[in-house]
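Please consult the sequence and the structure shown here.

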Amino acid sequence: MSTSHHPQDEQSPAPTAGLESAARRRALLKGLGKGAALAGSAVPLSSLATGGQRPGMRLKKTDGNYYYCSVSGNGSIMLSAGTSTPPTCVGKACSYYKKDWYGKFSTWPKNVSGQYVCIVGSNGYPPTTRFCDIFIGGTTKTIGDCVNTASPDDNSHWVTAMLNATVCASTFPYTTTEVLALYNDSTQRTAAITFFKNYMATA
Amino acid sequence: MPARWRRRPGIELHWRDWGGDSVVFEQRSGHTYQFAPLAAAVMACFEEHDRSLDELTFQIALDLGSAPDNEIRAALEPIVSEFLSLGWIESTDA
């Protein structure tokens with residue numbers, strides 16, 4: 001198998017541009033491995049970034065920059081510079097849902113009895129509920145313990161996303177049912193938690 | 001003769017890579033896109049010179065330290081289709 005090179009003309013890339021692209025290409029894939037590279041390409045990130053009913057939202061990434069998000073016809077994210085400023089699509093960080101000074105999860109939603117719960121669909125789960133009783137196959141730690149930590153892990157971020165879907169319902173792109181569906185979809189789970197960690201924990 | 005594609009003349013792309021994310025500003029439309037590393041690497045291939053799908057598969061496999069196979073080829077096909085739809089690449093027969 002050979003590669004071809006075209007004679008230079010004003011429409012072809014300059015030699016240095018080609019060298020830069022080659023260097024970029026190698027850097028992008030260096031250390032990635034076939035499995036990781038192909039797994040990432042199979043999950044359309046746009047389906048996560050524009051989930052629910054909020055296309056055209058503005059996202060703030062953990063790098064501090066804003067990106068305007070809408071869906072292209074091909075399923076890739078289209079981040080448009082735009083002149084208008086749409087509302088920011090955002091959620092709270094995990095630390096927001098930790099116990100307060102009095103040992104209560106006072107930032108969690110309340111049920112009709114005034115108890116702090118994590119709402120999933122039409123159910124309200126107290127902090128003592130095991131993670132695996134909501135997110136099937138997950139850890140046996142309680143959802144309260146998952147967020148009440150100085151070192152949040154993926155379990156922490158799932159619970160955070162679920163809480164955000166209620167607490168930040170006006171700005172969070174997914175409902176509680178949709179968050180659960182993303183967890184239960186093995187083809188979406190990795191990309192979903194990456195999206196929640198990098199974009200939806202910035203408030 | 002297998003299809004070959006090249007970066008469309010007049011397409012100017014300005015890339016920025018952050019580990020698992022690559023963001024690119026396409027000057028003509030003024031739009032910004034985000035791609036995973038594999039898609040960004042595929043476009044980088046076309047920015048070097050024209051390629052067929054076989055050549056693309058071989059190059060990407062080489063960069064991944066893997067043998068070129070149908071799995072890699074199958075992963076590259078929709079990416080090439082996407083860049084064609086965006087108008088960033090064109091057939092060399094054009």
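Predicted model: local features only at pLDDT ≥ 70, side-chain atom pairs only at ≥ 80, totals over all residues.

Side-chain values use heavy atoms, without hydrogens and water, residues are numbered from 1 along each chain as its sequence is written, and chains are lettered from A and ligands numbered from 1 in the order in which they are written.

Helices (H or I, at least four residues) and strands (E, at least two) are DSSP runs, numbered from the N terminus. In chain B, three strands form an open antiparallel sheet in the order 5-1-6. Strand 5 (51-52) and strand 6 (89-91) of chain B each have a single partner strand, so one side of each lacks a neighbour in the sheet. Pairing requires at least two bridges found by DSSP; strand 1 (residues 4-7) and strand 6 of chain B share three bridges, and B:Trp5 is partnered with B:Ser91.

Angles run from 0 to 180 degrees between N-to-C directions, with axes fitted to C-alpha atoms, for helices over the stretch in contact (heavy atoms within 4.5 Å).

| Pair in chain B | Angle |
|---|---|
| Helix 3 (residues 70-86) and strand 6 | about 100° |
| Helix 2 (residues 53-64) and helix 3 | roughly 120° |

The axes of helix 2 and helix 3 of chain B come within 10 Å. Residues in this contact include B:Leu56 and B:Ile60 of helix 2, which meet a group including B:Leu76 and B:Val80 of helix 3.
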